[in-house]
Amino acid sequence: MTMYGHPNFTQQHAEALKPETDPIFGEVIHSYTRAQAHCDGVLIDLSDTAREAGIAFPVAITKAAWADCVEWTDEDSKRQTYQDEAGRLWDVIWMLKLAARRGGSEIRYQLYRVPRGGRGVRPRLVTLKAICGPGDQGEAVITVMLPGED
């Protein structure tokens, strides 16, 4: 184990957590970095798949959006219809790539996915929101989420 009891938490993450002082507002009371969100499982890294699709920036998805649009088990395939997470993930990334061509720091895009649970087999339309903003070091990153998340 490394710092803070998590194997992915490095000295760089610790440095990002150091309190900063702002001349107007004073010391930062609390901050939660993107790296911490990855370590906590709040964000799931999709960067490898995004690169395969031609997206140059790091991409992550919220846990809620993953559960709704990507997550799929063998039990889901037995109960509903055969699918796999890799295919569902590719749908999320590919539709993001197409929507990103419109430009902007926040885009909404839609795709069809079979909802998990029950016995449904018919794809339903879902809307996702993608925000391009600064990462922990000011670099451009993309976060995919459900429309009600921020």
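G138 adopts a positive phi near 85° in the hairpin of strand 6 and strand 7, where five residues sit between the strands. Strands (E, at least two residues) and helices (H or I, at least four) are DSSP runs numbered from the N terminus. This is a predicted model, in which local features need pLDDT of at least 70 and side-chain atom pairs count only at pLDDT 80 or more, while totals for chains, interfaces and linings use all residues. Residues are numbered from 1 along each chain as its sequence is written, and side-chain values use heavy atoms, with hydrogens and water left out.

Strand 6 and strand 7 run antiparallel and are joined by six bridges; two strands pair if DSSP finds at least two bridges between them. Here P134 has A140 of strand 7 as its bridge partner. Strand 5 and strand 6 are also antiparallel, joined by eight bridges, and Y112 stands opposite L125 in strand 6.

Beyond four places in sequence, L96 is in contact (heavy atoms within 4.5 Å) with residues including I55, Y109 and V144.

A65, in helix 4, counts as buried because its relative accessibility is 0%, where buried means under 20% relative accessible area (1.4 Å probe, protein chains only).

Conventions. Buried means under 20% relative accessible area, exposed over 50%, partly exposed in between (1.4 Å probe, protein chains only).
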